[in-house]
Amino acid sequence: MATDNSYSLAQLRLLAKNFYFAAWRWHFYAALHVVPFLLVLVTTGLMMQAWSTFPAAKWDNVPLSVSIHADMNHGATNDVPWALEQTPMPASGSEAGITGIPEGTAVNIHSLVILGRMLGMDGRFRVAYPGGEGGVWTINRDSMSSDSDDPFVDRTIHVDQYTGKILADVKYDDYSWAGKAMAVGIPFHMGLMGTWNFILNVVFCLSVIFVSISGVVMWVRRRPSGAGRLAAPPLPADLPFWKGAVLIGLFTAMAFPLVGLTLLVVLAFDLLILSNIPAMKRAFS
């Protein structure tokens, strides 16, 4: 009986050991799938105002304000999409526009909400009050502000505060290609496009954590037995792809300044400290 129990325990140890090594093999497979998704998230995270110019000619038959849409965005919630930020606002106080609120109806928050519903604003949308005498009412539904989980139904409507006429009605289809990419990419990056998007981002984050931890563990386990130092691998004698690596490093440094700063710090540490202090060089080699 003792022999059987010992054999079973040995089998369990072997199984656990095999499982352990198999688990660390997933470091490679996880990284293989994480990198493309990481590239998508990083790219969508880089979308900014420089790409968000919307042609004001969209409403060239209405008076324009000296203010731009970016003036409406403040705090954590955006009153207008980023794709419109650099575009001048239309101005109230003319007879321009098309019929919005029926003539004879007061132009106030109640009539604006009714107008939004009539124009197909299902679910949550927001109404911004006019800012000053030339300001306009703005009805907005923006997936980047969690109004909906579908960026393809984003919509921004400007209404004259005096006449109730619609001065501009901007939908997703009206955006430029960069604006469309930003309208979809940013809520995807933030996990706002539904439960599937949230779960996907959580799985991705857990994968990044696993790849980072497993990489450190594998490095430690592959060090020479009993080594009390970092035991970094020696520089290969032949580097056939060093030019490509340098180009990738330069591109990454320019796209992500903090990455470039980190590379410079590591390079300075290597050249100025490790190369000149023997004790430090032994600790890291």
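View 1. Ile-199 sits in helix α4, which spans residues 195-221 (helices are DSSP runs of H or I with at least four residues, and strands are runs of E with at least two, both numbered from the N terminus). This is a predicted model, where local features need pLDDT of at least 70 and side-chain atom pairs count only at pLDDT 80 or more, while totals for chains, interfaces and linings use all residues. Residues are numbered from 1 along each chain as its sequence is written, and side-chain values use heavy atoms, leaving out hydrogens and water. Ile-199 counts as partly exposed because its relative accessibility is 48% (buried is under 20% relative accessible area, exposed over 50%, partly exposed in between, with a 1.4 Å probe and protein chains only).

**View 2. Asn-197, a buried residue of helix α4.** With a relative accessible area of 0%, Asn-197 is buried. A polar atom of its side chain lies 3.3 Å from the backbone nitrogen of Leu-192. Setting aside neighbours within four places in sequence, Asn-197 is in contact with Pro-187, Phe-188, Gly-191 and Leu-192 (contact means heavy atoms within 4.5 Å).

**View 3. Pro-151 in the loop between β4 and β5.** Pro-151 is buried, at 1% relative accessible area. Not counting residues up to four places away in sequence, Pro-151 touches Ser-143, Tyr-172, Ala-183, Val-184, Pro-187 and Met-193. Look also for Phe-188: Pro-151 and Phe-188 are 37 residues apart in sequence, and their C-alpha atoms are 9.3 Å apart in space.

Note on methods: Polar contact = N/O pair within 3.5 Å; in protein donor to acceptor, adjacent residues only side chain to side chain.
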